[in-house]
Amino acid sequence: MTATTLVFLGTVRTGGDGHGTGADTTALAVRDGRILAPGEEARALAASADDVVDIGDGLLMAAFGDGHAHPLFGGLESFGPQIKELDSVDAIVAEVGRWAREHPEAAWIVGASYDPALAPEGEFDARWLDAAVPDRPVVLRAHDYHTVWCNTEALRRAGVTKTTPEPRLGWIVRRADGAPLGTLREWHACDLVLDQVPARPVDDLVEAVRRAGHAYARAGITWVQDAWVEPEMADAYLAAARRGALSVRVDLAQRADPDRWREQLGPFAATRARVDADGGELLSARTVKFFSDGVIEGGTAAMLAPYLDAPHSCGMPVWEPAALAEAVCAFDAAGFRTHIHAIGDAGVRAALDAIEAARTANPDWDRRPVITHVQVVDPADLPRFAALGVIANFEPLWAQPDPLQTELSIPRIGAERAALQYPMGELARDGVRLSFGSDWPVSSHMPLEGIQVAVTRRTFTGEPADGWLPHQRLTVDQALTAATAGVAHQAGADDRLALVPGAPADLVLLSEDPRTADPMEIRHARVRGTWLGGRCTYRDRDEGE
């Protein structure tokens, strides 16, 4: 087979040792999917190369990774009513009604993801949806995926009434007379309705994977941590791999259930083995996902002190701390990497305690534990991230004072705890490995949007002028590293930490160099091309090349 050589000419960010400290180079040569040579050696190959790409005023760098996302959910959102960007309850109801009229064959109307800040305290009424669709069940996920809004028919199908007891893990928001309002929070409450929704055929799930991969390629992303995988989702990914529908590397994090995790140990290991055998080079299943708690905007994140608007409540831990530690120890002993959702300060502490317990109980191995979101951290717990080797996975787009913060989160926890949110800068100064994710479709999957916020701590309209908690800002290079080498480290892909000879050619070509751009303009740089192992998965041809 003839070797294929690709040469890029222009500014190349190599990433150095994987910490973002390496010098730039002026060219990069790729052969058969791997980096062949940088600099003048690469330039010398241009005359005989099969393809030459002019970087121009842009930047070539290691492709982005997404250290925490839900690609299959993201792909599925395109199948239902398009409510994600709508800015009022009336607009959502109108879109649901339109979709229902155009799809009379749909037994259920299922959509995502609405903005919970559009209704007071995030509480949505079933009767608002009844006005558009009274005769078929409607269930919509909030964009945090921890809450659903459904109509009366969906509640009826699920048997949710004023006499339905509160589930152990979840809340039924009720009217004054005890009847369900139409808003359900967290696992067991949401599942009362979601368990009634007919399963989608595997062809739909494979198409969702394909659409998600296309979206990621256009964003310059080549590796994703799917951070919430149920058994049928693993089957869909395997089918996608067999059909050639994967255009991004994906690691599957199977979700541990606090009520049956011991029963899951064997099946999780069996799924890992199936994926290793049949998933090809792009698919793995090396991780287990734990939800330590919920979300602040819903009042379900686990806090060390009560919520201001609910002085009787410190939130809703999904696991008791001792049970979480026991489960993490067991999956760690079975060779699974740990990925823990932790939002509140009590949730973060429980996650750190569980990781520490696994390190104490089990032999040393390359475990690379991840705590994701890391929203509110008690100052006493910050040093533990470095001491325990924990990777702090942030969704940097959230580190801005948007309506979710100003209207829901900050009023619930108060100014003192609000000032502890998303401590990227402090952890970076402590030497903690940072990785970036999007939580897509919870929020945008476009890495440059999150990088801009990490650097500025400002909304896209520029507030506040000096940045929100400006001591937590990152430099552009730190943010780029978190979105590239930081995610590669999380993935266990040490060969993708930097663009050095022999490394896989996972690359993104940007129209501008974010390091020299106005920080408030970083997100406007275009992805001109994405290469996965040297194979082009997306190319913006507007440049006329």
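## Strand β6 and its partner

In this predicted model, in which local features need pLDDT of at least 70, side-chain atom pairs count only at pLDDT 80 or more, and totals for chains, interfaces and linings use all residues, strand β6 is joined to strand β12 (residues 221–229) by 4 bridges, and the two run parallel. Two strands are said to pair if DSSP finds at least two bridges between them, and the elements themselves are DSSP runs numbered from the N terminus, helices being H or I runs of at least four residues and strands being E runs of at least two. Residues are numbered from 1 along each chain as its sequence is written, and side-chain values use heavy atoms, with hydrogens and water left out.

Within this pair, A69 has D226 of β12 as its bridge partner. Strand β6 is mostly covered, with 6 of its 6 residues buried, where buried means under 20% relative accessible area, exposed means over 50%, and partly exposed lies in between (1.4 Å probe, protein chains only).

## The parallel sheet

Strand β6 belongs to an open sheet of 8 strands in the order β6-β12-β13-β14-β15-β16-β17-β18, and the pairing in this sheet is parallel. At the edges stand β6 (64–69) and β18 (434–436), each with a single partner strand, so one side of each is left without a neighbour in the sheet. From one strand to the next the twist averages 25 degrees. Further along the order, strand β16 (residues 370–373) and strand β17 (residues 391–394) pair in the parallel sense over 3 bridges, and V370 stands opposite I391 in β17.

Helix α9 (residues 261–278) lies across β13 (249–255) and β14 (283–291) and runs at about 170 degrees to β13, while helix α16 (residues 476–483) lies across β6 and β18 and runs at about 75 degrees to β18. For these angles, axes are lines fitted to C-alpha atoms, for helices over the stretch in contact, and the angles run from 0 to 180 degrees between N-to-C directions.

## A residue of helix α9

L265 lies in helix α9, and at 26% relative accessibility it counts as partly exposed. Leaving aside neighbours within four places in sequence, L265 is in contact with A330 and F331, contact meaning heavy atoms within 4.5 Å. L265 and A330 are 65 residues apart in sequence and 8.2 Å apart in space, C-alpha to C-alpha.

## Two helix pairs

Helix α10 (residues 321–333) packs with helix α11 (residues 345–361) at an angle of about 45 degrees, and their axes are 8 Å apart. The two are therefore oblique to each other, given that angles under 35 degrees count as roughly parallel, over 145 as roughly antiparallel, 65 to 115 as roughly perpendicular and the rest as oblique. The crossing of α10 and α11 is right-handed, a term used if the near helix is turned clockwise from the far one by less than a right angle, whereas anticlockwise gives a left-handed crossing. On the α10 side the contact is made by P321, L324, A325, V328, C329 and D332, and on the α11 side by A350, A351, A354, A357, A358 and A361. By class, this contact has 11 nonpolar, no polar and 1 charged residues, where Ala, Val, Leu, Ile, Met, Phe, Trp, Tyr, Cys and Pro count as nonpolar, Asp, Glu, Lys and Arg as charged, and the others, Gly among them, as polar.

The axes of helix α15 (residues 447–456) and α16 come within 9 Å and cross at roughly 140 degrees, and α15 and α16 are therefore oblique to each other. Their crossing is right-handed. I451, A454 and V455 of α15 meet V476, A479, L480 and A483 of α16 in this contact, whose residues divide into 7 nonpolar, no polar and no charged.

## The mixed sheet

An open sheet of 5 strands has the order β7-β8-β9-β11-β10, with mixed pairing. Its edges are β7 (109–114) and β10 (171–174), each with a single partner strand, so one side of each is left without a neighbour in the sheet. Strand β8 (residues 138–142) pairs with strand β9 (residues 147–150) in the antiparallel sense over 3 bridges, and V139 stands opposite C150 in β9.

Helix α3 (residues 89–102) packs on this sheet and touches β7, β8 and β9, its direction making about 150 degrees with that of β7. Helix α6 (residues 187–194) lies across β8, β9, β10 and β11 (180–185), running at about 120 degrees to β11.
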